[in-house]
Amino acid sequence: MSDLVYPPVIGLAKALFRALDLRITVIGAEHLPRTGGAVLASNHVSYLDFIFCGLAAQPSRRLVRFMAKQSVFKHRIGGPLMRGMHHIPVDRDAGLASYKAALAALKDGEVVGVFPEATISQSFTVKEIKTGATRMAAAANVPLVPMAVWGTQRMWTKGHPRALTRRHTPISIVVGEPMRPGRRDDQAGTALRARMQELLDQAQRDYPDKPADSADNWWLPAHLGGGAPPRKLR
C-alpha cells in the first residue's frame, strides 16, 4: 500500500527523540521477519507505546499497522495521521470488522501491531490478555512476535501527569523469538502472556535508571519495591 504519511512521521519522531536525548535500546530486532505478514504483540504501559514499538521494526525496514481504539481516529489531528499510516481502527462494540481488516493486512504481507492487554497496565506487569493476537496469527498462518517496552510510562501513562518534554529518559524495547500458534492451540494465549512477561522482566532487570527517591518510585511495579498498584488476580 502507498505510504506517503508514515515515513515523514517516523522521521519527525526520530528528530524529537534526538532533541530529548532519549536513550533508546532495542534488543532482538532481528526476530521480526523482513518479509511477509507477522503479528507484533506488546505489553502496554504508556499512551506512547505504539510510537516506540514501531521502532523495533525499523532494522527490518518494516512499517507496523497498529490496531487502536476507534476514538483515536476521530481526533482532528491524530485521526488523519492514523488513517494516513494505515493503522486499523477497533470498534469494541463491533470487533469483527477490525479483525477482518487486520487479517486482510496480514495476508497482504503487512506487520500488524497489537496490545493484547487492550488497555494500559497500571501495575506495570502484564495483565490478562485478549486472544485476538494469537487467533489472527493462527488464521493468517504468520509468526506471532512477542515484545516488551519499558520506560515509556515515565513520559505519559494513565493516572500520572504528562512529561512529554522529559529529557535523557531510557526506553527499552525487547523483541522475542517468533511463536507459531495453531488454530486449535487453546494454550497459545497463556504462552504469549508468559513470554511477554519474561521479556518485560528482562527489560525491567536491565533498565539503567533507578527511582531518585521514594516519591519517584511510582513507575516501578510493586514486586520490585515500586509504588505502582499490585496486579489484580482473578
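User: How many helices and strands are there in the chain?

Analyst: Seven helices and seven strands. Both are DSSP runs numbered from the N terminus, with at least four residues (H or I) for a helix and at least two (E) for a strand. Keep in mind that this is a predicted model, where local features need pLDDT of at least 70, side-chain atom pairs count only at pLDDT 80 or more, and totals for chains, interfaces and linings use all residues. Residues are numbered from 1 along each chain as its sequence is written, and side-chain values use heavy atoms, with hydrogens and water left out.

User: What makes β6 and β7 a pair?

Analyst: Two strands pair if DSSP finds at least two bridges between them. Strand β6 (residues 144-150) and strand β7 (residues 170-175) are joined by four bridges and run antiparallel, so they pass that definition. Along β7, I173 stands opposite V149.

User: Which order do the strands of the open sheet have?

Analyst: The seven strands go β1-β7-β6-β2-β5-β3-β4, and the pairing is mixed.

User: Why are β1 and β4 at the edges?

Analyst: β1 (23-27) and β4 (88-90) each have a single partner strand, so one side of each has no neighbour in the sheet. From one strand to the next, the twist averages 20°.

User: Where does helix α6 lie?

Analyst: Helix α6 (residues 132-140) lies across β2 (38-42), β3 (64-69), β5 (111-114) and β6, at about 165° to β2. That angle is taken between N-to-C directions of axes fitted to C-alpha atoms, for helices over the stretch in contact, on a scale from 0 to 180 degrees. Contact means heavy atoms within 4.5 Å.

User: What is the largest nonpolar core?

Analyst: A nonpolar core is a set of buried Ala, Val, Leu, Ile, Met, Phe, Trp, Tyr and Cys residues joined through side-chain atoms within 4.5 Å. Buried means under 20% relative accessible area (1.4 Å probe, protein chains only). The largest one here has 35 residues, and V39 is one of those with the most contacts inside it. Elements giving two or more residues to this core include β2, α6 and β6. Leaving out residues up to four places away in sequence, V39 touches M136 and L144, among others. A second, separate core has 26 residues, including I10 and V149.

User: How do you know that the radius of gyration agrees with a compact globule?

Analyst: The globule rule is 2.2 Å times the number of residues to the power 0.38, and the radius is taken over C-alpha atoms. For 234 residues, a compact globule would come out near 17 Å, and the chain has 17 Å, so the two agree.

How values were computed:
Buried < 20%, exposed > 50% of the residue type's maximum accessible area, 1.4 Å probe, protein only.
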